[in-house]
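Thanks for coming. Please look at the structure while I talk.

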Amino acid sequence: MFTYALDERTVLRPLTKEHVQPLFELIEMSRDRLRQWLPWVDSTTEISHTEQFVQGALKQAAENGSLTAGIWIDNELAGIISYHEINWTHRSVSIGYWLGHGYEGQGLMTSACRVFVEYALMELDLHRVEIRCATTNRRSRGIPERLGFVLEGIVREAELLPDGYMNHAVYGMLQNEWKQLR
């Protein structure tokens, strides 16, 4: 099972059924900030919704080899990072992530993404990793930019959020590019 220590206080661990309650609490605590970027936040109103998410993540991991991990600081859940469904035919995957209120601006997600990119391209031997971010979400866009991803384009009105449609910046990293950056 994938577990990775980012530092002496911070670890990435796959989500399990035991994480439903802390995950729901983190969403509740961060709801106002998260809803401006993530379409699922407004429909996650009960712990059963979070339980369904975790069950889905576990099923996808078993069937597809995908991975959804919690970012834990001193045994407190700080956020989530995941591979969206791995495309084994094309050897590609997209990474999604979010941090709870109070955990931003510490470099946590950049470190977590670096590990996930490394694992995808070097351990899983995938060819391509993609990250999509709302064009107006500067903090989220900073992560692939710091990691050396290439901005490949803008997808107009890619996602409907409470305040309207949001454009996505699409970033990509190829295995050979990552090897040169390591």
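I95 stands opposite I131, a residue of β6. That pair belongs to the place where β5 meets β6: four bridges join the two strands, and they run parallel. Before I go on, please keep in mind that this is a predicted model.

Now move along to the next strand in the sheet. β6 is also joined to β8, which covers residues 164-174, and here there are seven bridges and the strands run antiparallel. In this pairing C133 stands opposite A169 in β8.

β8 has another partner. Strand β7, residues 150-161, is joined to β8 by eight bridges, again antiparallel. E159 stands opposite M166 of β8. How many residues lie between β7 and β8 in their hairpin? There are two.

Is S92 buried or exposed? Its relative accessibility is 17%, and because buried means under 20%, S92 counts as buried. Setting aside residues within four places in sequence, S92 is in contact with E85, I86, N87, L126 and R128.

Next slide: the largest pocket. The idea behind looking for one is simple. Rolling a probe the size of a water molecule over the atoms shows where empty space is left. In this model, the largest pocket has a volume of about 1,100 Å³. Its lining is made up of 45 residues, and those nearest the centre are L38, G96, Y97, W98 and S140. Several elements give two or more residues to this lining: α1 (20-34), α2 (47-64), β4, β5 (92-99), α3, β6 and α4 (138-146). Which element gives the most? That is β5, with six residues.

α3 was on that list, and T110 is a residue in it, the helix covering residues 108-123. T110 has a relative accessibility of 10%, so it counts as buried. Which side chain makes a polar contact with that of T110? It is the side chain of R146, and the contact is 3.0 Å. Apart from neighbours within four places in sequence, T110 is in contact with I143, R146 and L147.

Another buried residue is H19, with a relative accessible area of 11%. H19 lies in the loop between β2, residues 10-14, and α1. Leaving out neighbours within four places in sequence, H19 is in contact with P14 and W72. H19 and G70 are 51 residues apart in sequence, yet 8.5 Å apart in space, taken from C-alpha to C-alpha.

N75 has a phi near 65°, a positive value in a residue other than glycine. N75 is in the loop between β3 (68-73) and β4 (76-83). Is N75 buried or exposed? At 61% relative accessibility, and because exposed means over 50%, N75 counts as exposed.

D125 also has a positive phi without being glycine, with a value near 60°. D125 sits in the loop between α3 and β6, the strand of residues 128-134. With 42% relative accessibility, D125 counts as partly exposed.

Last slide, on what the record says. An unreviewed UniProt entry carries the annotation "domain: N-acetyltransferase" for residues 10-171. In the model, that span is 36% helix and 33% strand. How far apart are the end C-alpha atoms of residues 10-171? They lie 26 Å apart.

T110 in α3 is buried, and its side chain is joined to R146 by a polar contact. That is the end of the slides.

Note on methods: Residues are numbered from 1 along each chain as its sequence is written. This is a predicted model: local features need pLDDT of at least 70, side-chain atom pairs count only at pLDDT 80 or more; totals for chains, interfaces and linings use all residues. Side-chain values use heavy atoms; hydrogens and water are left out. Buried means under 20% relative accessible area, exposed over 50%, partly exposed in between (1.4 Å probe, protein chains only). A polar contact is a pair of N or O atoms within 3.5 Å; within protein, one must be able to donate a hydrogen and the other to accept it, and residues adjacent in sequence count only if both atoms are side-chain atoms. Contact means heavy atoms within 4.5 Å. UniProt positions are given in the numbering used here, feature names are shortened, and annotations may be inferred rather than shown by experiment. Two strands pair if DSSP finds at least two bridges between them. On a 1 Å grid over the protein atoms alone, a cavity is a set of points where a 1.4 Å probe fits but cannot get out, and a pocket is an open set with protein on both sides within 12 Å along at least five of seven lines; lining residues have an atom within 4 Å of a point. Grid points are joined across faces, edges and corners, and a volume is the space filled by probe spheres set on the points.
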